[in-house]
Amino acid sequence: MMFDDLRDLYQEVILDHGRRPRHGIRLAAFDASAKGDNPMCGDRVQVFLRHADGLVAEAGFEARGCAISVASADLMAEVVAGRSDDQIRVLADEFRDMARTGRSADGDAAMERLRPLAGVHEYPSRVKCATLPWHALLAALDGQGGASSE
Amino acid sequence: MNVMSRPVALDVSAIRAQFPILSETVRGKPLVFLDSAASAQKPRAVIDAMVWAMEHQYANVHRGLHWMSERTTESYEGTRDLVASLINARDRHEIVFTGNSTGAINLVAHSYGRGMMKPGQAVVISAMEHHSNIVPWQMLRDAHGIELRVAPITDAGELDFAAFEDLLRDGRVGLVSITHMSNVLGTYTPAERIVAVAHAYGAKVLFDGSQAIVHRRVDVQALNADFYVFTGHKLYGPTGIGVLWGRRELLDAMPPFLGGGDMIGSVTYERSTWAQVPHKFEAGTPAILESIGLGAAIRWVQDIGYDAIAAHEASLTDHALARIGGVAGVNVIGRAQDRGGVVSFTVDGAHAHDVATLLDRQGIAVRAGHHCAEPLMRRLGLDSTARASFGVYTTHEEIDALATALVRVREFFA
């Protein structure tokens, strides 16, 4: 395959979700939101959350950024639905560790879904692209208006 | 074209052999380094000069009454002479060493801006400045009541000269501070015209020559400029040293920037007096080793000669505009008539960071992002671009490799 040398970072799922995000919308009704900003590269994301019965019922986002940041935001929006804020905070920690080290604990379905992003750990300048949406998500959960990946 | 009149072509392979780093491999591939506008690689002559000084001839300058200090002072001051010859300064005392271009601009913003401009006066910059030539003037504006005016550029990426002149008409502009060559668009500004018009309206002119001096001979007397700044590390020298050139009468009249050792005449608790220029502006132990490296870099550049450098890079730039611009879905940003060896571009369907990462996977180093020029990006309607920039060691084959790699990037994101 002529692109084998490029696939370690840009796996098909990243290209697909980077190009055609499923959750890249501003929710019509939301109860929490925050912006994320990477001042070094200009990537921007805003995350929207709607809670119901103590869980995140739906997540959406608007992003301007690279394929990594958009795909990360999209997969994040997918896996946080149906989870409590506390569960999401644990997941965010696990994701950040995976983005930095390339390793994650086995067995968690959500982390399996996010695993294609583990390749960023070999690109220190790109780790922030993957973690930026999560910074914004945590800021939204904490009731803050925004987050920086710095 | 008369072939006989062309400058002697560079022996690029002989030049490349002088850069140890160019024989490194990256991700298993030969390094294709197309990020010289961010910082250039260093030739053996610069490396050896700095190592030699540390091994054989080093002490602090301007204060020791011993052999090592005297010899090191000669080296440090010798670089001042080399800089003066490089830019054809009339007087070696007009050369002030700073940390980098940013340090030099901040010096002028403080010592000329606060020291000699009056609240209500204005500074004019252009819409294609590096942040280093924006933020110091914003700080001056906010601290000292100076108005900051921005001269627009055309869609081609050239200074809108008529609009620029309009900004000067009320006679309130004390200083025009403008790039000599854009780090994003490659555009050369029409320096002589800028000076003529600015002086006609009573404004001084500072050129940010960080990019320009790498690619073309700079003659501050011919430009008739008032200040010219550049940095060593883009000119094949070390980091940590930059240059401010200023007209002697201006530097003499300006108050100091940083206070401390080496910049004083005498010190009592009641008051201190200042040393003569340039030492008035060089507080503290300077970048001694870096000055020695910069001196070696200037000698090295002068040995090659700006005619040969400019001809080589003009050829590279023409080749790059044709090859990169010829890749379907790749858009070159900026179409200035007079331009240097910097080519910014976007790729349809791919963010600049993804482009840079995919090029890096193929061993090609480019920069991607806003290039420390966010307002220019907004003017262009872009978040970011990728940028290939060239040095004296860049080859046509490296540009071909970039074009080939860009075809793959396009296919990858198709």
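A residue counts as buried if 20 or more other C-beta atoms lie within 10 Å of its own, as exposed if 12 or fewer do, and as partly exposed in between. The structure described here is a predicted model. By this cut-off, Asp262(B) is partly exposed, because 16 other C-beta atoms lie within 10 Å. Asp262(B) sits in the loop between helix 10 (248–253) and strand 11 of chain B.

Strand 11 (residues 264–267) of chain B pairs with strand 12 (residues 272–274) of chain B. The pairing is antiparallel and runs over 2 bridges. A link of 4 residues joins strand 11 of chain B to strand 12 of chain B. Within the pair, Ile264(B) stands opposite Trp274(B), which belongs to strand 12 of chain B.

The peptide bond from Val277(B) to Pro278(B) is cis. Its omega is near 0°.

Asn224(B) lies in the loop between helix 9 (220–223) and strand 9 (227–231) of chain B. Asn224(B) is partly exposed, because 15 other C-beta atoms lie within 10 Å, a count between the limits of 12 and 20.

Chain B as a whole was examined next. Its secondary structure comprises 15 helices and 17 strands. The radius of gyration of chain B is 22 Å, close to the 22 Å that the globule rule gives for 414 residues, so chain B is as compact as a globular protein of that length. Along the principal axes, the C-alpha trace of chain B spans about 70 × 55 × 45 Å. Of the 414 residues of chain B, 50% count as buried. Contacts in chain B were also sorted by sequence separation. Among those with a separation of 6 or more, 71% are made by residues 24 or more positions apart.

Chain B is divided into two domains. Domain 1 takes in residues 3–30 and 305–413, while domain 2 covers 47–303. The C-alpha centres of domain 1 and domain 2 of chain B lie 28 Å apart. Their contact takes 24 residues from domain 1 of chain B and 23 residues from domain 2 of chain B. On the domain 1 side, the elements that give two or more residues are helix 12 (306–325), strand 14 (342–347), helix 14 (374–380) and strand 17 (385–389) of chain B. Helix 12 of chain B gives the most to this side, with 4 residues. By class, the side of domain 1 of chain B that touches domain 2 of chain B has 11 nonpolar, 7 polar and 6 charged residues.

From the N terminus on, the elements of chain A follow the order α-β-β-β-α-α-α-α-β. The radius of gyration of chain A is 14 Å, close to the 15 Å that the globule rule gives for 150 residues, so chain A is as compact as a globular protein of that length. The C-alpha atoms of chain A fill a box of roughly 45 × 35 × 25 Å along the principal axes. Buried residues make up 44% of the 150 residues in chain A. Among contacts in chain A between residues at least 6 apart in sequence, 59% join residues at least 24 apart.

Confidence in chain A was also considered. The mean pLDDT of chain A is 90, and 96% of its residues reach 70 or more. Confidence in chain A is lowest in strand 4 (residues 146–148), at a mean of 70. It is highest in helix 2 (residues 67–80) of chain A, at 96.

The contact between the chains takes 11 residues from chain B and 13 residues from chain A. On the chain B side, helix 13 (residues 352–361) gives the most, with 5 residues. The residues of the side of chain B that touches chain A divide into 2 nonpolar, 6 polar and 3 charged.

Note on methods. Residues numbered from 1 in each chain as written. Chains lettered and ligands numbered in written order. Predicted model: local features only at pLDDT ≥ 70, side-chain atom pairs only at ≥ 80, totals over all residues. Rg over C-alpha atoms; globule rule 2.2 N^0.38 Å. Contact = placed C-beta atoms within 7 Å. Domains from an automatic or database assignment. Nonpolar A, V, L, I, M, F, W, Y, C, P; charged D, E, K, R; others polar. pLDDT = per-residue confidence, 0-100. Pairing = 2+ DSSP bridges.
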